[in-house]
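Trainee: I would like to learn how to read helix packing from a model. Please take me through it.

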Amino acid sequence: MKVNYKIEDFVGIGDQPMIIDGEPFGISGREVTDIHDPATGNKIGTSPIALKTDVERAVDAARRTFDQGIWRYKSAVERQNMLLKVADTLEANAVELARLEALNSGMLLPMAENAIANSVQVVRYYAGLATKLYGQTAEISGGLGQFHAYSVKEPIGVAALIIPWNVPVYLTMVKLAPALAAGCSCIVKPAEETPLTTLMVVRLLHKAGIPPGVVNVVTGGAATGAALVESEKVDKVAFTGSGEVGKRIVEMAAGNLKKLTLELGGKSPVILFEDCDIDAATEAIAGGIFTHAGQICVAGSRLYVQRSIYQQAIDKLSRRADSLKIGHCFASDTQIGPLISERQRSRVESLVRAGAESGGEICAGGAIVEGRGYFYKPTVIANPPKESPVVKKEIFGPVLVVHPFDDMEEAVIEANNSMYGLAASIWSNDINKTHYLAKRIDAGMVWINCHGVADISLSWWLQTVRLGKGAGPRGDRCIPPEQDGVCQAGQCIV
């Protein structure tokens with residue numbers, strides 16, 4: 001089957017169809033979601049809201065291509081070479097992808113350019129792994145004799161990949177590339193706010209030669225995602241998003257015991273000791289919370305500062321927050337962009353207001369930016385009540401809460417006083433102390449004297465996630481379930 005569209009057809013923003021079995025699909029006869037530029041609030045296009053029958057059609061296309069071996073039975077070298085061609089095609093279209101990513105998500109253009117470059121590297125990395133999926137051999141014996149046994153790794157089947165809105169291309173490719181390398185067929189559901197670049201990426205995949213039906217895209221909201229999770233023909237769900245939705249996915253998947261990979265929310269603690277380089281630390285901490293307006297799952301949103309430098313750190317961070325230039329993603333002098341939507345901005349505003357009303361001191365920001373777009377000022381809140389929502393909930397906005405501590409034991413207790421366990425960072429010039437402390441922080445990734453550093457070669461996407469108290473020891477649940485309840489070792493990056 002030949003895919004009957006050209007990539008050039010996509011560049012003009014307007015009504016954007018789903019992609020099912022290699023065909024544009026669902027552009028008429030369905031309700032649509034309006035897509036906005038979050039920096040202006042302007043409508044820039046629409047995407048259809050998939051019907052349940054649309055989801056079933058996409059799943060059937062993926063199921064057929066998998067069962068017939070259209071992709072899975074290609075040799076590992078063929079899959080590797082095709083993915084390398086995909087990477088080259090993405091790289092050749094990086095300028096257009098970055099512009100579209102910035103326009104649709106509100107991230108600054110340099111960040112979007114970096115995200116596309118990283119996405120290309122992700123594809124090349126997993127292309128190499130396609131030829132390195134090794135099994136094991138063993139000599140076993142029993143009452144009936146001695147035997148030679150071996151295991152092989154096979155693709156799990158049809159994978160549903162549910163993508164969040166904050167970094168769409170990268171988070172699409174970090175799920176899609178390994179699935180394709182393994183031989184799976186996929187259905188991708190982008191966030192309803194940001195479908196544009198995911199749709200463009202899949203068109204580019206087809207341009208590079210990925211067979212129709214191996215990768216499909218359905219658009220819509222929660223109902224679309226639920227239909228994928230509940231489908232008996234889907235073997236695996238990979239989801240990045242909130243813990244609340246993650247819980248519902250676990251419940252929905254229980255009916256057919258499909259495998260899950262869940263990368264959920266974060267409320268990452270940052271611990272600042274008096275023996276740190278405070279100027280370098282506060283500059284990096286500001287970047288760790290204010291980059292992309294705080295809409296990063298590992299954003300360092302809870303800062304614990306040793307009391308002797310507490311006020312000094314607040315003053316430096318507040319001045320930095322107030323100095324950041326707010327503006328459109330394409331403006332060369334912009335340092336912080338908008339939140340994704342009016343709804344998200346209202347949520348951030350509500351949490352900050354409640355934190356201030358309960359006793360927190362707003363030292364910087366704490367207000368909506370009037371005018372067009374969904375901007376919120378970078379905010380520093382000092383010493384709000386430790387059980388208040390602004391401290392306990394993932395805000396996903398440019399909001400930093402700051403508390404003092406007196407000794408290391410207190411810092412550990414406060415850092416671990418959270419339902420989340422995604423990431424953390426420690427700032428000190430005492431390397432013995434930092435490594436000792438890193439082992440005691442309940443987080444999948446711990447940075448030392450840096451924040452937000454990652455590499456695809458690390459086990460980043462199989463970290464401990466928290467699904468709420470009672471889900472396991474101290475609320476931990478390891479995903480995927482074949483880990484037998486033991487999470488992979490956390491990372492410590494210096």
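This is a predicted model: local features need pLDDT of at least 70, side-chain atom pairs count only at pLDDT 80 or more; totals for chains, interfaces and linings use all residues.

Trainee: At what angle do the axes of α4 and α5 cross?

Mentor: Helix α4 covers residues 94–105 and helix α5 residues 109–129; their axes come within 8 Å and cross at roughly 130°. An angle over 145 would count as roughly antiparallel, and 65 to 115 as roughly perpendicular. The pair α4 and α5 is therefore oblique.

Trainee: Which residues make the contact?

Mentor: From α4 come Ala 94, Leu 97, Ala 98, Arg 99, Glu 101 and Ala 102, and from α5 Leu 109, Ala 112, Glu 113 and Ile 116. By class, the contact of α4 with α5 holds seven nonpolar, three charged and no polar residues.

Trainee: How do α10 and α11 cross?

Mentor: The axes of α10 (residues 278–290) and α11 (residues 310–323) come within 10 Å, at a crossing angle of roughly 50°. These two helices are therefore oblique to each other. The crossing of α10 with α11 is right-handed.

Trainee: Which residues of α10 and α11 meet?

Mentor: On the α10 side they are Ile 278, Asp 279, Thr 282, Glu 283, Ile 285, Ala 286 and Phe 290; on the α11 side, Gln 312, Ala 313, Lys 316, Leu 317, Arg 320 and Ala 321. The contact of α10 with α11 divides into seven nonpolar, two polar and four charged residues.

Methods
Residues are numbered from 1 along each chain as its sequence is written. Side-chain values use heavy atoms; hydrogens and water are left out. Axes are lines fitted to C-alpha atoms, for helices over the stretch in contact, and angles run from 0 to 180 degrees between N-to-C directions. Helices (H or I, at least four residues) and strands (E, at least two) are DSSP runs, numbered from the N terminus. Angles under 35 degrees count as roughly parallel, over 145 as roughly antiparallel, 65 to 115 as roughly perpendicular and the rest as oblique. A crossing is left-handed if the near helix is turned anticlockwise from the far one by less than a right angle, and right-handed if clockwise. Contact means heavy atoms within 4.5 Å. Ala, Val, Leu, Ile, Met, Phe, Trp, Tyr, Cys and Pro count as nonpolar, Asp, Glu, Lys and Arg as charged, and the others, Gly among them, as polar.
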